[in-house]
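Keep the picture open as you read.

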Amino acid sequence: MLYVTTRNKFDTYTAHRTLQADRGPDGGLYLPFRIPKLDREELQALRCQSFCQRLACILNLFFGAQLTAWDVELCGGKNPAALVPMSHRILVAEMWRNHDLDYARLESRLAARICGSEDIGHKPASWVGIAIRIAMLFGIFAELPDGTVDIAVSAEDFSAPMAAWYAREMGLPVGNIICSHDDASVWNLLHQGEVRTDSTLPENLERLINATLGVEENLRFCEACDNKLLYAPLPGTLETLRRGMYATVISRDRLVGLIPSTYRMAGYIMDPGTAMAYGGLQDYRAKTGENRLALVMSDRSPALDSKMVAACMEMTEQQLRQQLGV
């Protein structure tokens, strides 16, 4: 597969280049020259494969790495994700079902396998990380019944929303992508039609603008960022930018309340990132009245944030770990 960048759709690069760095020589983020699309028969064929086979299949599309199910299994076990039902047609997709209880560790191990490296201690290049999330979504969706599914994610660097966006373009029946963060920049852009660029913005927001509005509009965005100016999409383009995307802002105070209230109502203990995504889904449903099946993406076990989670739950860390069975 060939790649271009978010700032130039003509110069192409090999997959090997995307493994080495986040950005190309022109400063743009790497992305596929053409997004592969899977038809209904190909999607059905994935259902007949094991979870690890699905991941290997999708990652090989992007990188030609010749991964096998065994390679993936060595990185995260036979079933590196679990679907846990909650109330009101909501499933939590626990992507941390590995011996580290952390999706980031699985991502790092898979990235090293793709690169043919033994170094698993660093964060992978941005496109590699997004591609692995896309593969995880294909693995998870094959476990779901047919039909459109909304996805709620924490949007710290915007890689999770973009993975869902690309997966939808590739053929997965993803409905709305609900992205939540404690910063209002994405909300301002999608709902107000403008965003200040004199503060730190999620890196992968550039991918969304490129993917929905094109290279030329993304160059306008990058120029605004370089000069710390207010950015607003061209008139008439905002609907295209936010089609299928919904943003919410979850304050820390609300986050602290969401963790115990979710436990009381659904018996489920969330880490802060999962609680943020779940809070965004609540906001989306309250605003739109939508009630289709939804996935809340979870990257970390609450055991890894035991101090904060235990404080929210008004229990000791030892009591929390007993509740979690770890």
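Which residue of β2 does Thr 5 stand opposite? Thr 5 faces Asn 8 in β2. Before going further, note that this is a predicted model, in which local features need pLDDT of at least 70, side-chain atom pairs count only at pLDDT 80 or more, and totals for chains, interfaces and linings use all residues. Residues are numbered from 1 along each chain as its sequence is written, and side-chain values use heavy atoms, leaving out hydrogens and water.

Helices (H or I, at least four residues) and strands (E, at least two) are DSSP runs, numbered from the N terminus. Two strands pair if DSSP finds at least two bridges between them. Here 3 strands make an open sheet in the order β2-β1-β3, with antiparallel pairing. At its edges lie β2 (8-14) and β3 (30-32), each pairing on one side only. Between β1 (residues 2-5) and β2 there are 3 bridges in the antiparallel sense.

**The cores**

In soluble globular proteins, nonpolar side chains tend to be buried together. Buried means under 20% relative accessible area, exposed over 50%, and partly exposed in between (1.4 Å probe, protein chains only). A nonpolar core is a set of buried Ala, Val, Leu, Ile, Met, Phe, Trp, Tyr and Cys residues joined through side-chain atoms within 4.5 Å. The largest one has 77 residues, and Phe 63 and Ile 134 have the most contacts inside it. Helix α6 (residues 126-141) gives the most to this core, with 12 residues. Contact means heavy atoms within 4.5 Å. Beyond its neighbours within four places in sequence, Ile 134 touches several residues, including Ile 58, Phe 62, Trp 127 and Met 170. A second, separate core of 26 residues includes Tyr 246, Ile 259, Tyr 268 and Ala 275.

**Helix α14**

Which residues of α14 (residues 306-313) are buried? They are Ser 306, Val 309, Ala 310, Cys 312 and Met 313. These residues are on the same side of α14 because they cover an arc of only 160 degrees around the axis, the arc being that of the directions from the helix axis to the C-beta atoms. Lys 307 and Ala 311, on the other side, are exposed. The buried residues pack against α12 (252-266), α13 (272-288) and α15 (317-324).

Glu 314 follows α14 and is found in the loop between α14 and α15. Its phi is positive although Glu 314 is a residue other than glycine. Lys 228 also has a positive phi without being a glycine, and its place is in the loop between α10 (215-226) and β9 (230-231). The table gives their values.

| Residue | Phi | Relative accessibility |
|---|---|---|
| Lys 228 | about 55 degrees | 53% |
| Glu 314 | near 55 degrees | 75% |

**Cysteines and strand β7**

How many disulfides does the structure hold? There are 0, a disulfide being a pair of cysteine sulfur atoms within 2.5 Å. The sulfur of Cys 115 is too far for a bond, because the closest cysteine sulfur, in Cys 75, is 11 Å away. For Cys 179, the nearest cysteine sulfur is that of Cys 225, at 17 Å.

Cys 179 is buried, with a relative accessible area of 2%, and stands in β7 opposite Val 153. In β7 (residues 174-181), 8 of its 8 residues are buried. Strand β6 (residues 149-154) pairs with β7 in the parallel sense over 5 bridges.
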